[in-house]
Amino acid sequence: MSFAAHLETELAQFKTDGVYKRLNYLDAPQGPRTVMEGRGEVVILSSNNYLGLCNAPDVVAAGRTALDRFGAGTGSVRFICGTFTVHRELEAAVARLVGCESSLTYVSCWNANEGLCPTLLGEDDLVISDQLNHASIIDAIRLAKAITKCQTAVYQHSDMADLETKLKAAKDRRLKLIFTDGIFSMEGDIARLPDLLELGRKYDAVVAVDDSHATGVLGKTGRGTAEHYGVVGEVPIITSTLGKALGGAAGGFTAGPAALTDYLTQRSRPQLFSNALPPTVAASALAAVRHLETHPALVTRLRDSATYFREQLAALGFRPLPGATPIIPVILGETAKAIRMSEMLLDEGVFVTGFGYPVVPQGHARVRCQISAAHSRDDLDFALGAFKNVGTKLGLI
């Protein structure tokens, strides 16, 4: 069998198993509604555009201005050919936003996570990961284990007793790193950050939080999981993204003490061997941070809209997972049912993605709704009408 034929056989199996992913092409900016090729206008319930800043005029204008001022990029990595002043401005702004002394940007939060674990951890160290952490954390830990031979462990999701047991058993480790998501992207629940910090202090462990789905979302002013719990400035390491609430283009960062970001600048391979963010992206992300700082009411609007949508789904007879975030999973059980429902919703003009195994555990297939501050009540009611129509046809309500 040829190489291509082998791949085609596997792809055919993906389709049989109901896990084949089809790309939908948009022909207009990301927003509460957009234009999908072959579909026309659709309501978007599947984007991380939590604050609606992907197409905000000041965010777009900042990118255009940076293109004229800085060009497309430097053509090489930062320490070799220089780095743009806009990157320094952005790093200062995001550090201030999340309550850390310093930050360092990467081309994605995936890169930030992969730049963190293998750089900090050695064979005398241990990293302990929440069971439901994002794939980028899982792969960062796998990479560190392969490169540095560090020790690894997983604690049951948000189970502090299980985590403490593993910390007790690791008293001989030089560095103990506890790594968690802030908001868990498939469940929409929030990490027990105060408990994690307390265990970190008790067992001399460092807590790292990937706040990608919480930056711009949680807390009174969108400063993330730390603000949600009133512990801004107390989290040793925060990684997050610029590709969700903060403009949605691309990019990520690691924030913490200045010594950490300096050390990562010296030794983190994704930082040393990758070009910096394009200046257009850096500038638009900086504008998004400033927009958030001057428009904190966006966070309140987002929270109110998410509460409304979750309550109305439940009133229709669906089973959305409870929570306080704009991630609202509707549990359906079977993968085929989740995929079918997402297809039928798209026929109704609502774009929301269905997920099944292995993305989520067997028997926990779902459609995952994501609310934006840009959604009007009419947008949400239109989507709820589509859910009612599809749920009735599928016998779910």
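**Exposure, salt bridges and contacts**

Student: Why is glutamate 198 called partly exposed?

Tutor: Glutamate 198 has 43% relative accessibility. Buried means under 20% relative accessible area, exposed over 50%, and partly exposed in between (1.4 Å probe, protein chains only). The value falls in between, so glutamate 198 counts as partly exposed. This is a predicted model: local features need pLDDT of at least 70, side-chain atom pairs need pLDDT 80 or more, and totals for chains, interfaces and linings use all residues. Numbering starts from 1 along each chain as its sequence is written, and side-chain values use heavy atoms, without hydrogens or water.

Student: What makes glutamate 198 and arginine 201 a salt bridge?

Tutor: Their closest N and O atoms are 3.2 Å apart. The rule asks for a side-chain nitrogen of Lys or Arg within 4 Å of a carboxyl oxygen of Asp or Glu, so the pair qualifies. Both residues lie in helix α8 (residues 193-202), 3 residues apart, about one turn of the helix. Helices here are DSSP runs (H or I, at least four residues), strands likewise (E, at least two), numbered from the N terminus. Arginine 201 is exposed at 53%.

Student: How do you know that glutamate 41 and arginine 33 form a salt bridge?

Tutor: Their closest N and O atoms are 3.3 Å apart, so the pair meets the cut-off. Glutamate 41 is exposed at 54%, while arginine 33 is partly exposed at 29%. Arg33, Glu41 and Asp379 are linked in a network of salt bridges. By this rule the count comes to 16 salt bridges.

Student: Why does aspartate 172 count as exposed?

Tutor: Aspartate 172 has 56% relative accessibility, so it passes the exposed cut-off. Aspartate 172 forms a salt bridge with arginine 173, with closest N and O atoms 3.5 Å apart. Arginine 173 is partly exposed at 22%.

Student: What makes aspartate 210 buried?

Tutor: Its relative accessible area is 3%, so aspartate 210 falls under the buried cut-off. Aspartate 210 lies in strand β7 (residues 206-210).

Student: How do you know that the side chain of aspartate 210 makes a polar contact with the side chain of asparagine 113?

Tutor: The distance is 2.9 Å. A polar contact is a pair of N or O atoms within 3.5 Å; within protein, one must be able to donate a hydrogen and the other to accept it, and residues adjacent in sequence count only if both atoms are side-chain atoms. The pair is therefore listed as a polar contact. Aspartate 210 and threonine 239 are 29 residues apart in sequence, yet 4.7 Å apart in space, C-alpha to C-alpha.
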